[in-house]
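Welcome, and please load the model in your viewer. We will go from stop to stop, with something to select at each one.

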Amino acid sequence: MEHCNHVSNEQHTEPLRELCVSLVPIFNHLPHNELVNIAAKAAMRTVRRNEFIHRAGEHSNQLYIVHQGKVKVYRLSEDGKEQLVRILQPGDFTGELALFSPAQHDSYAEATEDARVCIISRDDLSALMLEHPEIGMHLLSELAQRLGSSEKQTAAIATESINARIVLYLASLSEQAKSRDIRLPMSRKDLASYLGTSPETISRRLKEFEDEGWIAQSGQRGIRIHDLDALLLQ
């Protein structure tokens, strides 16, 4: 499928931009009047499914915040194989590293469904961090969490069996949801990319777990974990 290079412009009301910035952990601790000021600096865009917010190699000087929809961030290996980095959902953002110095994107950000993003320039965000140093601290905290997650992902792919990778991922979703009923936040193709395997292997392993009675699947993404202890022994 052919991809488009640019997000399309769209006019939005002030309350929508305000809601967008209020979703983000680096901003949502600020008082209402400050959120209004930040929202005034943000531009809203609509991104259609399979369109790019940015591509690897493009100049970067903006922070992109997902307001609605989902966006996948990935890199391409030398042989063109896609390696998923993360899935962005409402309140998540990308482009943060380039805010500290001129840089080029090292990854692709592609909408997996129609999405809306709000965009803040590097200059505006730098001014905001000078005015509100706590924004910088929250941003560093987010970057530290992403670094830790990336290191765990790399280590798991290098050292863990595919069964262990899938089980640990399911367990992490269950912990985040605080429930045994979970929903995969991405397609099996993207999950395979994230875990360093193939979609066929993902489907086969989940079917094996279901046959053992450890999980029950509902559609392509719904999963109920019946026996987490048995899974963790894999």
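What is the volume of the largest pocket? The volume is about 1,400 Å³. A pocket here is found on a 1 Å grid over the protein atoms alone: an open set of points where a 1.4 Å probe fits, with protein on both sides within 12 Å along at least five of seven lines. Grid points are joined across faces, edges and corners, and the volume is the space filled by probe spheres set on the points.

Before going further, a word on the ground rules. This is a predicted model, in which local features need pLDDT of at least 70 and side-chain atom pairs count only at pLDDT 80 or more, while totals for chains, interfaces and linings use all residues. Residues are numbered from 1 along each chain as its sequence is written, and side-chain values use heavy atoms, with hydrogens and water left out.

**Stop 1: the pocket lining**

Select Ser149, Tyr169, Ser172, Gln176 and Tyr194, which lie nearest the centre of the largest pocket among its 38 lining residues. Lining residues have an atom within 4 Å of a point. Now colour the elements that give two or more residues to this lining: strand 7, helix 4 (133-159), helix 5, strand 12 and helix 6 (188-195). Helices (H or I, at least four residues) and strands (E, at least two) are DSSP runs, numbered from the N terminus. Helix 4 provides the largest share of the lining, 11 residues.

**Stop 2**

With a relative accessibility of 10%, Ser193 counts as buried (buried means under 20% relative accessible area, exposed over 50%, partly exposed in between, with a 1.4 Å probe and protein chains only). Which residues does Ser193 contact, leaving aside its neighbours within four places in sequence? They are Glu82, Gln83 and Leu84, where contact means heavy atoms within 4.5 Å. Draw a C-alpha to C-alpha distance from Ser193 to Leu84: 5.4 Å in space, although 109 residues separate them in sequence.

**Stop 3: strands 6 and 7**

Because 5 of its 7 residues are buried, strand 7 is largely enclosed by the rest of the structure. To follow the pairing, select Arg75, whose bridge partner in strand 7 is Gln83. The hairpin of these strands has 5 residues between them, and Gly80 takes a positive phi near 85° there.

**Stop 4: salt bridges**

Side chains of opposite charge can pair when their charged atoms come close. The whole structure holds 6 salt bridges, each a side-chain nitrogen of Lys or Arg within 4 Å of a carboxyl oxygen of Asp or Glu.

- Lys72 and Glu82 form a salt bridge at 3.0 Å, N to O. This pair links distant parts of the chain, with Lys72 in strand 6 and Glu82 in strand 7, 10 residues apart. Are these two residues buried or exposed? Both Lys72 and Glu82 are buried.
- Arg75 and Asp106 meet at 3.4 Å, N to O. Arg75 is partly exposed, with a relative accessible area of 38%, and Asp106 is partly exposed at 48%.
- Asp211 and Lys207 meet at 2.8 Å, N to O. Both lie in helix 7, 4 residues apart, about one turn of the helix. Asp211 is exposed, with a relative accessible area of 55%, whereas Lys207 is partly exposed at 41%.

**Stop 5**

Finally, show the open sheet of 3 strands with the order 12-14-13 and antiparallel pairing. Its edge strands, strand 12 (181-183) and strand 13 (215-218), each pair on one side only. The twist averages 25° from one strand to the next; axes are lines fitted to C-alpha atoms, for helices over the stretch in contact, and angles run from 0 to 180 degrees between N-to-C directions. Strand 13 is joined to strand 14 (residues 222-225) by 4 bridges, and Gln217 has Ile223 as its bridge partner in strand 14.

Helix 5 (residues 162-177) packs on the sheet, touching strand 12 and strand 14, and its direction makes about 110° with that of strand 12. Helix 7 (residues 199-211) also packs on the sheet, touching strand 13 and strand 14, and its direction makes about 125° with that of strand 13.

Conventions:
Pairing = 2+ DSSP bridges.
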